[in-house]
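I opened a notebook page for this structure. These are my entries, in the order I looked things up.

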Amino acid sequence: MIVGQTAAEKLCAAEDRDFETLFRYQFILTENPALTAPGFQAKHLDDAWTLLHGAALPVTPVLDSKRQNCGYVLGGAIHPEGGLIDTALELGASSDTKGFFGDVEPLIEALAGRYVVILSGKAGSRIYIDPVSALGVVYDPKTRAVASSVLLALDREREPNPMFDNDLILEGKGNYSLQHTSDAAVKRLLPNHYLDLSDFSHVRHWPKADQVFDIPEADASGALEEIRDRLARTIGDIASVRPTVMPISAGRDSRNLVACARDHLDKVGEFFAFGHSYNSRLDCAVGSLVAERMGIEYRVYDAEDYDKSELFSRYRRRQITRDYMIANGFTGAPVNEVITGLYLKQPAHMWHIRGNVMDLMQASHWKNGARNPATHDPRHGIKRMLITGGDGYSEELADKWMPEYMAWYESLGPLKSQPYDMIFNELYLASSQGGKMYGLTHHFYISPFNDRYLIERAISFPLQYRISDRANDDLLAMAAPELTNIPFLRKYQAKAKRRGSYWYGKTMVRVGQAAA
């Protein structure tokens, strides 16, 4: 167990950084009842385990059928019957029975959002996580430490993981993968697995052996209607009870979210984009056209509208980058709107609705060399883990990771036919979201598509229907046909070149200019 201060607290003290701010959305689960952390609140799970959590992290009790407290929901979870769980998650089984986990697992698997569920009963104690580990969990099986990020799971200095080029990852050119983290001993709890707190075994619980993932294109329309309606309800459930912001870019994901949520757009506090580069300003231009068509204000935070000595100060950029890396346990590097501090211009403490998991609708990890669902190419699979980024793959790398990759692949059950979708879900997103997003302390980030109900449907569509973007196009035409003739990034770029200039929607506001 952790004794004394965590590595996170020690490092913040040594570098004079604000622990409470950097770890405001994070947690520790400990067997040491005397452990504390600055600003963290304590809640007892059972006689053995205590939960410590940052003040901004939502924590909701779980009640069994006898109204006994048997655990906690951390983060933002949407009930399968609708509604953000913010008072209690009520279960239909008693925690006093040996079959407790089997009875409640279907409900836990049906939750959507960004969450961790910790359960305790006569059968033991377990941790379940959301479908892509957007609210990540790491643990050290030897010390029995459990936390949200690496530095909270240690009371010693971090030992860089020798399996990876750690410097490359901190330059934003690679990723940790499988159960690996930035520390040699600390493991990541992967999506669709639970952690048994009795022996720290890591056990797959989804998919079930009898599940079938096959939606013929002839039946796609009905499934797309289900996706549209579920996304609409989930976004409405979040935006009706939490202050929210939602980006609109030149891509498909954000446009489809806006389209599906059209009846709830008035509940969203702000639609926005960041402008700091050529491509991001294309996002701003196209996003403004979408916003105008939907009749909503669109706020652009462009670096040109702010004091450059503030946004581009080398010292400030180094400090922001260091804060980000400490908070996420040195899992990766920040993006430009974070490095410059541009994202801090938005209102604080919002729920930030994004479309990250929707890449499944276009089968993004099947592209670039693997388009036959009847054939599994493990070398392509290892390449798509993006351990060394998009350009660093080699045969030596594949040989090195082959045993561990194949062990993971063999655990997929009925999803062995969709290995590259699961690489995206379980391996890539688990580190890129479950790890890196803890560095984003200004907002609480959440994806409405982080939902097995939606994931099951998306990966069940025929591969070519997804890769060709017909699945996305059909969803958009169904949800908001008036948005279908607005060009996406590359077509807008080509048209702007012919015109000799960008054009924008009339509901766009340049926030920095308006404030000047």
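I took helices (H or I, at least four residues) and strands (E, at least two) as DSSP runs, numbered from the N terminus. I worked on a predicted model, where local features need pLDDT of at least 70, side-chain atom pairs count only at pLDDT 80 or more, and totals for chains, interfaces and linings use all residues. Residues are numbered from 1 along each chain as its sequence is written, and side-chain values use heavy atoms, with hydrogens and water left out.

I looked up N192 and found it in the loop between β11 and β12 (193-196). N192 is not a glycine, yet its phi is positive, about 70 degrees. I called N192 buried because its relative accessible area is 1%; buried means under 20%, exposed over 50%, and partly exposed in between (1.4 Å probe, protein chains only).

Next I checked L178, in the loop between α4 and β11 (187-188). Its phi is also positive, near 50 degrees, and L178 is not a glycine either. L178 is buried, at a relative accessible area of 3%.

Then I turned to P207, in the loop between β13 (201-204) and α5 (220-239). The peptide bond from W206 to P207 is cis, with omega near 5 degrees.

Entry two: M163. I placed M163 in the loop between β10 (145-147) and α4 (166-170). Is M163 buried or partly exposed? I put M163 down as partly exposed, because its relative accessible area is 28%. Leaving out residues up to four places away in sequence, M163 touches H180, K400 and W401; contact means heavy atoms within 4.5 Å.
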